[in-house]
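Keep the 3D view open as you read.

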Amino acid sequence: MFAQVFVSNRAALFPWPRTGKNASLARYLPRMRVLVAPDCFTGTLSAPDAAAAIAAGWRSAAPDDEITVAPLSDGGPGFVDVVAAALGGELLAVTVTGPLGDPVPATLLLTADGTAYLESAQACGLHLVPPDRRDPTRTTTAGVGELIAAALDAGARALVIGLGGSGTNDGGAGALAALGAQPGDLLRDGGAALGDLDPAALDLSAARERLAGVDVRIASDVDSPLLGLRGASAVFGPQKGATADQVQRLDAALEHFARAAQPDVGLNMTGSLAIAAGAGAAGGLGYGLLLLGARRVPGIAGVIELTGLAEAAAAVDVVVTGEGCFDWQSLQGKVVSGVAELAMSVARPCVVLAGQVEVGRREMAALGVESAYSVAELAGSAEAAMAEPAVHLQALAARVARAWSRR
């Protein structure tokens, strides 16, 4: 009887890694079952590439283990690919305006039920802006509006728009302009230009009419509001190249824009969509889409549902996830937090492999993460890790497998 209980509840009774006496018992158990479900490692590896590297490393150390691979996205880069793998459908290639005004390729997924899945990062992603040209006071989300228009022209009756990984901070003004909002030229000029907006000239009616009757959902990886210390400019602006002065200028410009878009709000912005959760996602693109009637859904929760990850997690012994940097932002609705919460809900240990680990043990435990391992620490530095990301991630996975697998 005890042996049966031990097998069915082995993760709870003897959490991995197993050493000493526990290790001697491992031979009586079935082989290890592992779920590999990482996000992309931003700037280096896509989610499928990261998953492949982790799986290859694990197999090299524990070849008899059963590995299930499930690359994920919380709405940021890789969102369309993950959903396409889960749902199928028709992938449509389009060309849209990039964050710097140059044409860039993008792809949208149109499923059989008339729902289009879009990825804002393909049109305004930070990866589209070279480091020496990063200036979020000028980058635009116009291409996102063009991507939405392309989906509508293709016959979409519902839209799910993944937000995340942007190189913009324009409150979605560029996207609104691409859908017909006025004054079009100013709205396309980037976040700083919004400070010069004449409130009387702002007209969103054409953009709202374009989306009338369309169910629009925004899959957001963060719950930040548009403005303030937790807003788009203060939290994410520096990552996109904004100086301290530019952060203040952008926040003021976005507040001016928000008051023009909703002139009836009070001095403390009570009742404004600018303080809604997710309004600050993708440099405020969330806010622009909320103005058009969109509703926010947590990105990772939706992807978990679409991919059937809950069932997969319940059927394994350990869940392995990862991302480029496991830091405080990971706790705010990103892939790692979503996977860890899922693993905890089915009583499975969760292990994180990340480029860098900046979360303490207490925060990890609260999130449901058993252990976290750093690629940079293994490689010797962040620079070395980024030079050969797949090689070092594979090596780290092999080391982790030797600690966690019963082999």
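Arg 259 and Glu 255 form a salt bridge, with 3.0 Å between the closest N and O atoms; the term covers a side-chain nitrogen of Lys or Arg within 4 Å of a carboxyl oxygen of Asp or Glu. The two residues are four apart in helix α12 (residues 244-261), so about one helical turn separates them. Helices here are DSSP runs of H or I with at least four residues, strands are runs of E with at least two, and both are numbered from the N terminus. Arg 259 counts as partly exposed because its relative accessibility is 25%, and Glu 255, at 29%, counts as partly exposed too. For these classes, buried means under 20% relative accessible area, exposed means over 50%, and partly exposed lies in between, using a 1.4 Å probe and protein chains only.

Before going further, please note that this is a predicted model, in which local features need pLDDT of at least 70 and side-chain atom pairs count only at pLDDT 80 or more, while totals for chains, interfaces and linings use all residues. Residues are numbered from 1 along each chain as its sequence is written, and side-chain values use heavy atoms, leaving out hydrogens and water.

Side chains of opposite charge can pair when their charged atoms come close. How many salt bridges does a search of the whole structure find? The search finds eight, and the table shows some of them.

| Pair | Closest N to O |
|---|---|
| Glu 66 and Arg 31 | 3.1 Å |
| Arg 259 and Glu 255 | 3.0 Å |

Glu 66 sits in strand β2 (residues 66-69) and Arg 31 in the loop between α3 (21-25) and β1 (33-36), so their pairing ties together parts 35 residues apart in sequence. Glu 66 is partly exposed at 37% relative accessibility, and Arg 31 is partly exposed at 48%.

Arg 210 is partly exposed at 33% relative accessibility, whereas Asp 153 is exposed at 61%.

Now to the sheet. Six strands make up an open sheet with mixed pairing, in the order β3-β4-β5-β6-β7-β8; two strands pair if DSSP finds at least two bridges between them. Strands β3 (90-97) and β8 (295-298) are at the edges with a single partner strand each, so one side of each has no neighbour in the sheet. On average, neighbouring strands are turned by 30° against each other, direction ignored. Axes are lines fitted to C-alpha atoms, for helices over the stretch in contact, and angles between N-to-C directions run from 0 to 180 degrees.

Strand β7 (residues 215-220) runs parallel to β8, and four bridges join the two. Ser 220 has Pro 298 of β8 as its bridge partner. Helix α7 (residues 142-153) packs on the sheet and touches β3, β4 (103-110), β5 (115-119) and β6 (158-163), its direction making about 140° with that of β3. Contact here means heavy atoms within 4.5 Å. Helix α14 (residues 299-307) also packs on the sheet, touching β5, β7 and β8, and its direction makes about 65° with that of β8.
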